[in-house]
Each structure stands twice: as structure tokens, then as C-alpha cells.
Amino acid sequence: MTDLTVASDRTPELVERLVGVWERSVRATHTFLSEAEVAEIKPFVPQALAGRASVAGFSSTASSGSA
């Protein structure tokens, strides 16, 4: 089962985790971007997160081995 989690309070730890999700997603889907371009964009991600009223994400709650 997957649950939707909404976070309106962004601690520094949460922002760091979200930047990591952003970076992994960009590297997996935006292969046309160079390492330099990703590095150039990355500092703007926390600022973009701060401009959102809330951030939602999915988290898996299924135990291993379940279908």
C-alpha cells in the first residue's frame, strides 16, 4: 500500500531529503543535462521548495514479500 504524505513544515533535514529526491529524479530522467548543468540548477531547488505551500510525496507502507 502507498500512502500520500503532505509536509507543510520543512525542516532542514526534510529539505535535504527532498533535494536528494530531486537530484536522483533529474539524473534518471534528464539525461540530456550535463553534470555541470545539474550542479548549476541544484542550489535553486531549496528556494523552489520554500515557495510551495505544501509538498506531497508517496511512501510505501507495504511489508516485504507482499503482493
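Which elements are included in what covers the buried residues of α1? The cover includes α2 and α3 (45-50), where buried means under 20% relative accessible area, exposed over 50%, and partly exposed in between (1.4 Å probe, protein chains only). This is a predicted model, in which local features need pLDDT of at least 70 and side-chain atom pairs count only at pLDDT 80 or more, while totals for chains, interfaces and linings use all residues. Residues are numbered from 1 along each chain as its sequence is written, and side-chain values use heavy atoms, with hydrogens and water left out.

**Overall architecture**

- The protein has three helices and two strands; helices (H or I, at least four residues) and strands (E, at least two) are DSSP runs, numbered from the N terminus.
- Read from the N terminus, the order of the elements is β-α-α-α-β.
- Of the 67 residues of the protein, 15% are buried.
- Among contacts with a separation of 6 or more, 74% join residues 24 or more positions apart; a contact means heavy atoms within 4.5 Å.
- The protein exposes about 5300 Å², of which carbon and sulfur atoms supply 58%; accessible areas come from the Shrake-Rupley method with a 1.4 Å probe, and for residues only the protein chains shown count as cover.

**Confidence**

- The average pLDDT of the protein is 82, and 81% of the residues score at least 70; pLDDT is the predictor's confidence in each residue, from 0 to 100.
- Helix α2 (residues 35-41) has the highest mean pLDDT among the elements (97), and strand β2 (residues 55-60) the lowest (66).
- Over residues 62-67 pLDDT stays under 50, and the model has one contact beyond four places in sequence for them.
- Where pLDDT is low, the predicted coordinates should not be read in detail.

**Helix α1**

- Helix α1 (residues 12-29) has 18 residues and reaches 26 Å from its first C-alpha to its last, close to the 26 Å expected at 1.5 Å a residue; the expected span is 1.5 Å times one less than the number of residues.
- Its buried residues are Val15, Val19, Gly20, Glu23 and Val26.
- These buried residues fall within an arc of 145° seen down the axis of α1, so they line one face of the helix; the arc is that of the directions from the helix axis to the C-beta atoms.
- Exposed residues Glu13, Arg17, Arg24, Ala28 and Thr29 lie on the face turned away from the buried side of α1.

**Nonpolar core**

- Val15, Val19, Val45, Leu49 and Val55 form the largest nonpolar core, a set of buried Ala, Val, Leu, Ile, Met, Phe, Trp, Tyr and Cys residues joined through side-chain atoms within 4.5 Å.
- The elements giving two or more residues to this core are α1 and α3.

**Ile41**

- Ile41 is found in helix α2 and counts as partly exposed because its relative accessibility is 35%.
- Leaving aside residues up to four places away in sequence, Ile41 touches Trp22 and Leu33.
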